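Subject: Structure handover

Hello,

Please find the structure below. My notes on it follow.

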Amino acid sequence: MTKSEISKLDALWSKYVKEKAGYKCEYCQEEGRQLNPQGVWLEAAHIIGRTFRSTRWLLYNGMCLCSGCHSGYDQHRPIEKSIREQVIGLPKYEELCKTKQVIAKNQDYNEIRNKLMADFGEAQAIALFGGTANEEERPSNR
Ligand SMILES: [Zn+2]
């Protein structure tokens, strides 16, 4: 895959994760700026870090967190354990830990993109985002 294809998939993954969560932090429940001008900055966080290609673009490897909760999770502060238990759930976490060990060879952009769109819901993806991988955020006309 080219660098540009990788960043398109990252952007698509990120907006699906945030949309799926309804633009709230899945841990502290704070609303994002998409819902409220005083809202927090939301990020699409990888449960299993994105260095692992086999889980990088799985929709279920994502959670929508505010930047505070996200950095606590990534920096292994005590909040990491609470997020793992309350947001992710241990069975899902363990499954992701197994999946990340699969060596991802010859990944195909279209295949990954189609799977990501199907997991999110293709009709909904097209209705919300026009089916493109280009915009980061929700269109403003909604
Ligand atoms: Zn939060």
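Helices (H or I, at least four residues) and strands (E, at least two) are DSSP runs, numbered from the N terminus. This is a predicted model: local features need pLDDT of at least 70, side-chain atom pairs count only at pLDDT 80 or more, and totals for chains, interfaces and linings use all residues. Residue numbers start from 1 along each chain as its sequence is written.

Overall fold

The protein chain has 7 helices and 2 strands. Their order from the N terminus is α-β-α-β-α-α-α-α-α. The radius of gyration of the protein chain is 15 Å, close to the 14 Å that the globule rule gives for 142 residues, so the chain is as compact as a globular protein of that length. That radius is taken over C-alpha atoms, and the globule rule is 2.2 Å times the number of residues to the power 0.38. Along the principal axes, the C-alpha atoms fill a box of roughly 40 × 35 × 25 Å.

Two terms come next. A residue is buried if 20 or more other C-beta atoms lie within 10 Å of its own, exposed if 12 or fewer, and partly exposed in between; C-beta atoms are placed from the backbone. Two residues are in contact if their C-beta atoms, placed in that way, lie within 7 Å.

Buried residues make up 27% of the 142 residues in the protein chain. Of the contacts with a separation of 6 or more, 65% join residues 24 or more positions apart.

The core

A nonpolar core is a set of buried Ala, Val, Leu, Ile, Met, Phe, Trp, Tyr and Cys residues joined through C-beta atoms within 7 Å. The largest one here has 26 residues. Which of them touch the most other members? They are C25, M63, C64, L65 and C69. At least two residues of this core come from each of helix 1 (3-20), strand 1 (42-46), strand 2 (62-66), helix 3 (67-74), helix 4 (79-88), helix 6 (109-120) and helix 7 (122-129).

C25 sits in the loop between helix 1 and strand 1. C25 is buried, because 25 other C-beta atoms lie within 10 Å. Leaving aside neighbours within four places in sequence, C25 is in contact with E30, V40, L42, C64, L65, C66 and C69. C25 and L90 are 65 residues apart in sequence and 19 Å apart in space, C-alpha to C-alpha.

With neighbours within four places again left out, M63 is in contact with V17, E26, A45, I47, V87 and I88.

Helix 1

Helix 1 has 18 residues. After helix 1 comes G22, with a positive phi near 70°.

Helix pairs

Axes are lines fitted to C-alpha atoms, for helices over the stretch in contact, and angles run from 0 to 180 degrees between N-to-C directions. Angles under 35 degrees count as roughly parallel, over 145 as roughly antiparallel, 65 to 115 as roughly perpendicular and the rest as oblique.

The axes of helix 4 and helix 5 (residues 90-99) come within 7 Å and cross at roughly 105°. Helix 4 and helix 5 are therefore roughly perpendicular to each other. R84, E85 and I88 of helix 4 make the contact with L90, K92 and Y93 of helix 5.

Helix 6 and helix 7 pack at about 95°, with their axes 6 Å apart. This pair is therefore roughly perpendicular too. On helix 6 the contact uses M117, A118 and F120; on helix 7 it uses E122, Q124 and A125.

R113 is in helix 6. R113 is partly exposed, since 18 other C-beta atoms lie within 10 Å. R113 and S71 are 42 residues apart in sequence and 27 Å apart in space, C-alpha to C-alpha.

Positive phi in the loops

Q29 is not a glycine, although its phi is positive, about 70°. Q29 lies in the loop between helix 1 and strand 1. Q29 is exposed, with 8 other C-beta atoms within 10 Å.

H76 is also a residue other than glycine with a positive phi, near 55°. The loop between helix 3 and helix 4 holds H76. H76 is exposed, with 9 other C-beta atoms within 10 Å.

Best wishes

Conventions
The expected span of a helix is 1.5 Å times one less than its number of residues.
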